[in-house]
Amino acid sequence: MHNKTTLPNGLRIVTGAMPHTRSATVSMYVGAGSRYERDEEAGLSHFLEHMLFKGASRRPTAREISEAIESVGGSHNAATDREITVYYAKVPHTAAMETIDILADMIRAPIMDPAELEKERSVILEELASVEDSPGELAGILIDETLWPGQPIGRNVGGSPDSVASLPISAVNAYLARQYVPENTVLAVAGNIDHAEVVAAAERWLGDVPRQAPGAWYPATPRNGGGRFALRQKETEQAHICLAYPSVSLSDPDRYAVDLLSTVLGEGMSSRLFLELREERALVYDIHSYPSEFRDTGSFTIYAGCDPSNARVTVEAVLEESYALLNGIPAAELRKAKEMAKGRIQLRMEDTRSVAGWIGSQELLLDRVQTVDEVVAEIEAVEYDQLMAVAKRVLSPEQATMAIVGPFSDETEFTRALGV
């Protein structure tokens, strides 16, 4: 489903041909994110992501960049996470080569005007402030800080108001020079495109960038007896609850079993958590689980939003349903989870942006790309005994962490439920 070429300077180019489409998604994946930042640099990757839209050598203003994409009907954006920053544009396939030019110019030769940087600093501080008005998002940040305290992987990717306010332009430029190098970048293009044409465009715009080793990422460290519960008192209409467990990494052979465990427990309207806590007991509106996998670690997280008066019983019900998995999963339920997981992957492959994300993120993080058929086979190969062993490995009461955002001043009833 994909082709790959590596230029002499280390830039990897992966394409997914989708000749039946009329679109193309061009993505630049860079190894940059909170895991690459020192404490004093918190939020630097996200700050730089914003700055690259402010103008580059061939389109020196933000307006010229956006007009170049939007004038052909396209859309563009970017995202920063712990291990990846991605810039992408979805355009008609006839505009794909020009779009490579646009994104290549942004990451290679941004203008980095100090005046624009100060304006964008204010924008990012407003973005961070908006999190305070999103308690569900706040709970997600708090649970990561609890699961991985005092280290880059557990930090808010956007940094803190204090760190963002103090980042100098010299630090932003140094980080750009350190991380945005060919060896640390993947150009992923999916759609009605030709691989040779994509390679030629990449060689033209990025082929002469010197080879350079990027900065390293900071490994995750164990919690080492740190607190397993965090409470953020906030006058909200709902209590926002996150329960999380340490889990497996991207390269762990059990990752597909963990995915199936999450599917059974909390993904979709036929999952155990949804059926019990929403349909049967009417405790919640939103409840779901999700696994997160990184280079050397991972997490298994359950989120629930409920009336504050129901918070304690909701926590107890979530724990009860989670540990009930350890008693066994019927064959029919495992079969349903496998079909659901396989089907969702296959449906994603109809969209050029999803395909570009599939090939680009795997290439950057794993140095290889598994095909859809290979992943489907891995899911199908998960046996009952493996799934139960993984459930016991991940859903360990002694490793559980919890974060709650809501109108509570006393954490006792929650820590008691958690067993701490």
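**Ground rules.** I am looking at a predicted model, where local features need pLDDT of at least 70 and side-chain atom pairs count only at pLDDT 80 or more, while totals for chains, interfaces and linings use all residues. Residues are numbered from 1 along each chain as its sequence is written, and side-chain values use heavy atoms, with hydrogens and water left out.

**The sheet.** I looked up an open sheet of 5 strands and found the order S7-S11-S8-S10-S9, with mixed pairing. Strands here are DSSP runs of E of at least two residues, helices are runs of H or I of at least four, and both are numbered from the N terminus. Two strands pair if DSSP finds at least two bridges between them.

Which strands stand at the edges? They are S7 (229-233) and S9 (284-293); each has a single partner strand, so one side of each is left without a neighbour in the sheet. From one strand to the next, the twist averages 10°.

I then followed S9 to S10 (residues 298-306): the two run antiparallel and are joined by 9 bridges. Glu293 has Gly298 in S10 as its bridge partner.

**Helices on the sheet.** Helix H9 (residues 255-266) packs on the sheet and touches S8 (239-247), S9 and S10. Its direction makes about 180° with that of S9; such angles run from 0 to 180 degrees between N-to-C directions, and the axes are lines fitted to C-alpha atoms, for helices over the stretch in contact. Helix H10 (residues 272-280) lies across S9 and S10, at about 160° to S9.

**The hairpin.** S1 (residues 3-6) and S2 (residues 12-17) pair antiparallel over 4 bridges. Thr6 has Arg12 in S2 as its bridge partner. The hairpin has 5 residues between its strands, and Gly10 takes a positive phi near 100°.

**Thr236.** I found this residue in the loop between S7 and S8. Is Thr236 buried or exposed? Thr236 is buried, at 13% relative accessible area (buried is under 20%, exposed over 50%, partly exposed in between, with a 1.4 Å probe and protein chains only). A polar atom of the Thr236 side chain lies 2.5 Å from the backbone oxygen of Gln238. Leaving aside neighbours within four places in sequence, Thr236 is in contact (heavy atoms within 4.5 Å) with Pro135, Pro308, Val405, Gly406 and Pro407.

**Aromatic rings.** I counted 6 aromatic pairs in the structure. Rings of Phe, Tyr and Trp (its six-membered ring) pair with centres within 6.5 Å; planes under 30 degrees apart are stacked, over 60 edge-to-face, the rest tilted.

Trp148 and Phe294 have ring centres 5.9 Å apart and planes at 80°, so the pair is edge-to-face. Trp148 sits in the loop between H5 (135-147) and H6 (161-166), Phe294 in the loop between S9 and S10, 146 residues apart. Both are buried.

Tyr245 and Tyr323 are also edge-to-face, with centres 6.5 Å apart and planes at 80°. Tyr245 is in S8 and Tyr323 in helix H11 (residues 311-324), so the pair ties together parts 78 residues apart in sequence. Tyr245 is buried at 0% relative accessible area, whereas Tyr323 is partly exposed at 22%.

Lastly, I noted that ring pairs link Phe53, Tyr87 and Tyr180 into a cluster.

How values were computed: A polar contact is a pair of N or O atoms within 3.5 Å; within protein, one must be able to donate a hydrogen and the other to accept it, and residues adjacent in sequence count only if both atoms are side-chain atoms.
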